[in-house]
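Dear colleague,

I am handing over the structure we spoke about, and below it you will find a careful account of what turned up in it. Please keep it open while you read.

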Amino acid sequence: MPTATQYLKNQIISSLKTHHLVVLFDPEKHYSDIIQNLDLNGIPIHTYTGSFIELRKEIAGLMTGERPPDLLLYIPMAEKDTNNALIAFTKPGVTLQPGQHPWERNTRLSVMARQVLKNHLSEQEMSDIEAKIEAGKLTLSDIDIMAESVRPSLPEALTLVFRTKSPQETLLSFITDESRDTDLITKGLIPDLISVIQTTTGYTPGENQPETIRPNLIKYLLLSAFISEIGDTPSELVKVPHAESKELQNLCRDIIYSWQNRRETAALYEQYARNIENTLHLSNLTISPEQLTVSRVFPGTERKLIALAEEACLSGTTADIDIKTLASDRLHLYWSQQDPVISFRWKILEEISQFTSLSKEIEAKIREKSWQAQDLISAYIHPQQGWYHLDTLHRTILKHQYDDTLDSGWQDDFLDRIIGKVQKQYSTTADLMTNALTLAIAQEGTRQITSPMQTRTFSSYVTQDENPGKIAYILVDAFRYEMGAALQEVLSGPNELYATIGTLPSYTPVGMAALMPNAEKEFGIIVSSQGGLTPLVHGTPLTTREERITYLKEQVTSDLVAFKLSDLFPRPNKKIEEQIRNSPFILITSLEIDAAGEQLEPHLARQSMDEIIRLLKRAISHLTRLGVTRIVITADHGYLFGEELTEAMKIDPPSGQTIAIHRRFWAGTGGDVRDSYVRIRPEMVGVKSDLEFAYPAGIGAFKAKGGGTTYHHGGLSLQELIIPVLVIENTGQVLSSDSSIYWSLTISGTKISSRMVSVKINGMITSITWDQIPKVRVEIRSGNQILSKPLTAHYEYREATGDMNMRVNPDPAKNRSLEENTAVLQIHTIPESGPVTIHLLDSETDVELTKIGPFPVDITF
């Protein structure tokens with residue numbers, strides 16, 4: 001039995017493992033004397049000593065990574081008294097404090113005292129102790145002394161067999177490991193074992209052999225733990241053996257939770273839990289929503305809780321259930337870690353709750369006042385609370401619509417139904433945002449906007465230094481701001497993300513020309529000889545890619561080389577590598593997103609948009625390897641990608657002379673004025689032209705031939721107009737795949753029998769001079785063909801690129817190994833013949849770290 005101090009330490013270590021950054025509030029200062037002496041496996045502890053400014057300075061250097069640092073902040077005061085001074089730490093981390101929900105994060109001393117003493121004292125004694133704690137008459141030290149005095153002891157012979165003096169640890173080792181059975185029998189220790197089972201759990205085995213005691217004891221423990229969770233014994237289970245007292249039920253629950261946390265026996269737990277749940281017909285029980293939220297022993301209750309949360313999302317009754325917190329908590333628990341479908345459904349629920357919350361927040365803010373253009377732009381690009389996060393969530397949620405992940409034994413239409421709600425909500429919010437921006441620009445133009453114009457991109461970010469070194473200029477057609485932010489999140493090394501204001505109308509010829517040298521000096525649009533629009537950069541017409549390349553060579557260097565993004569994959573050939581090494585300026589262009597949006601079915605277009613982030617990350621790796629010192633990634637325009645246009649969303653264009661008409665803009669002269677669109681003179685937005693331009697007031701579209709019905713650009717939405725400029729500086733550090741780590745992969749079984757594949761990743765550090773752990777990704781292949789796509793991982797998974805971080809095992813006894821991670825992949829293409837292999841790659845360099853297989857494929861659904 002642990003002391004109260006050990007109990008607190010276990011709480012902190014468990015929270016550090018799942019959330020990394022832990023903030024412990026201690027208003028009664030119960031733990032002030034022991035906090036600095038806690039051994040947290042080398043994780044630093046920082047204490048508030050009277051100045052939040054000084055505390056933030058102390059740890060500022062630790063808050064620079066892609067995830068929160070492993071860190072404990074001890075705050076000897078109540079959170080409500082901090083006036084949100086620590087929100088930058090509590091938001092990315094987790095809070096422990098008296099009264100915190102769930103109970104695992106509640107550090108009230110009286111609660112911890114009950115946890116460590118409840119199985120050894122009467123209820124009256126416990127109530128007396130709790131009252132004395134609340135009255136300030138008992139301290140942490142007093143509770144520790146009590147816990148030591150009532151600690152039970154094991155027979156010496158059992159201690160030697162199980163290598164522990166703890167009865168709970170002894171029972172846990174017995175039910176999860178058969179290797180000691182022979183010793184128990186040959187040494188005559190079965191009676192001693194039965195005695196420990198009786199005194200610890202209240203169960204009296206009717207058998208005398210380990211192999212028959214074990215399954216019945218497990219059934220007893222699981223059922224008792226379940227009853228402890230839900231608070232009462234269902235009438236259907238009254239006659240099934242289980243612990244009668246609340247104290248013994250709680251002890252059984254603690255043993256079961258400890259088992260769930262042992263990853264090496266996780267599969268064994270799943271096997272028993274599923275079998276016993278089926279045997280006892282637990283799926284037929286009527287369990288209240290409150291009981292479901294605290295139950296985590298059996299998978300059936302997890303599925304019922306997911307169904308409850310999904311129905312709340314569909315019906316809009318989320319006020320009765322905090323889905324965001326619930327999903328976030330459940331993702332860290334056993335069944336999400338063990339069952340990829342459960343994990344995936346909780347992940348979707350978390351994304352939907354975040355989307356809904358942010359959407360409502362944006363709508364409320366827009367409706368509360370009249371907005372100026374710069375204020376809207378600032379709200380959109382804010383790093384933490386930026387409205388662009390709504391676009392990322394929308395893109396992420398909709399790509400799930402075409403996964404068959406949720407169909408693995410869960411026959412329902414939840415995703416199809418919720419996608420419809422998400423689409424309508426997104427359209428409503430985006431329409432409000434667009435109306436506000438359109439009105440602001442129609443009134444004030446871009447003159448009051450302080451964010452830089454797109455036409456300044458080349459002079460401000462590409463060649464702002466006298467000796468910029470070797471430059472790669474990557475122009476991605478329709479790469480909107482939220483995608484630039486997603487790419488930045490997965491990069492390592494020095495980089496900065498900037499936002500520029502796109503050039504109107506926001507379509508490819510205009511946007512690409514605005515990215516050329518001298519565009520800031522003069523930018524215009526004229527009517528071409530063929531009757532269309534031609535952009536002018538300082539008097540030079542630049543409409544096509546070839547014209548822009550010729551212009552760049554004239555303005556920058558004749559040694560410029562130009563490639564398409566696809567030329568770099570899967571790896572640039574020797575000729576291209578040589579050209580990149582020898583040229584001071586490399587131009588790379590990509591049409592993937594725009595072409596996909598305008599030419600492909602929506603589901604294929606969405607897949608292409610997600611893939612571009614991964615391709616750009618790999619392109620950056622290739623370019624830095626070849627000596628490029630600065631990489632600038634930007635775009636011509638963004639885009640809207642939402643609901644299919646209805647007739648009600650299509651509007652008539654102005655009645656004047658039409659020079660060009662697209663879904664999201666009209667160019668011409670003359671014509672009428674209507675409320676459904678705004679007319680903006682080109683000089684108001686920094687463009688020299690004799691033409692007039694009109695833009696839909698919201699997210700609607702002009703009636704025009706051609707173009708897609710879901711994907712649009714050219715207009716005045718924040719999504720179309722705010723352009724990312726991502727500048728990456730190569731410091732000269734050469735990325736390498738460290739051979740000082742021995743990698744291993746494992747799967748369950750000897751063949752691939754499902755489209756959902758879980759791959760366990762382990763690593764052993766073999767050198768005393770190892771530097772850093774590479775980011776990794778997993779692929780399933782048939783020959784050189786990639787058959788899989790990543791879905792999630794147990795920890796440190798990065799949605800944008802499908803790779804993951806690995807970390808050193810937090811157990812000091814295993815600090816030469818990496819903490820096991822589990823990657824979940826979906827096979828999207830079943831091989832026509834032959835086996836498959838599974839590969840682990842360094843995601844920065846694409847170097848293969850290890851592989852396993854071949855495995856035969858026998859997928860039956």
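Which residue in β4 does L24 stand opposite? The residue is L96, and strand β1 (residues 21-25) is joined to β4 by 3 bridges, the two strands running parallel. Helices (H or I, at least four residues) and strands (E, at least two) are DSSP runs, numbered from the N terminus, and two strands pair if DSSP finds at least two bridges between them.

Before going further, please note that this is a predicted model, in which local features need pLDDT of at least 70 and side-chain atom pairs count only at pLDDT 80 or more, while totals for chains, interfaces and linings use all residues. Residues are numbered from 1 along each chain as its sequence is written, and side-chain values use heavy atoms, with hydrogens and water left out.

The sheet is open and has 4 strands in the order β2-β3-β1-β4, with parallel pairing. Its edge strands, which pair on one side only, are β2 (45-47) and β4 (94-96). In general, strands of a sheet pair through backbone hydrogen bonds, either parallel or antiparallel.

Helix α1 (residues 4-19) has buried residues (under 20% relative accessible area, with exposed being over 50% and partly exposed in between, for a 1.4 Å probe and protein chains only) that include Y7, L8, I12 and L16. The buried residues of α1 pack against β1, β3 (71-75), β4, α4 (109-117) and α6 (140-149), and the helix is followed by H20, whose phi is positive, near 75 degrees.

Leaving aside neighbours within four places in sequence, W387 is in contact (heavy atoms within 4.5 Å) with residues including I362, W371, M433 and L718.

Finally, some backbone details deserve a look, since most residues other than glycine have a negative phi, and most peptide bonds are trans. A cis peptide bond joins F569 and P570, with omega about 0 degrees, and P570 lies in the loop between β10 (561-564) and α26 (574-582). N518, although not a glycine, has a positive phi of about 75 degrees, and N518 is buried, with a relative accessible area of 14%.
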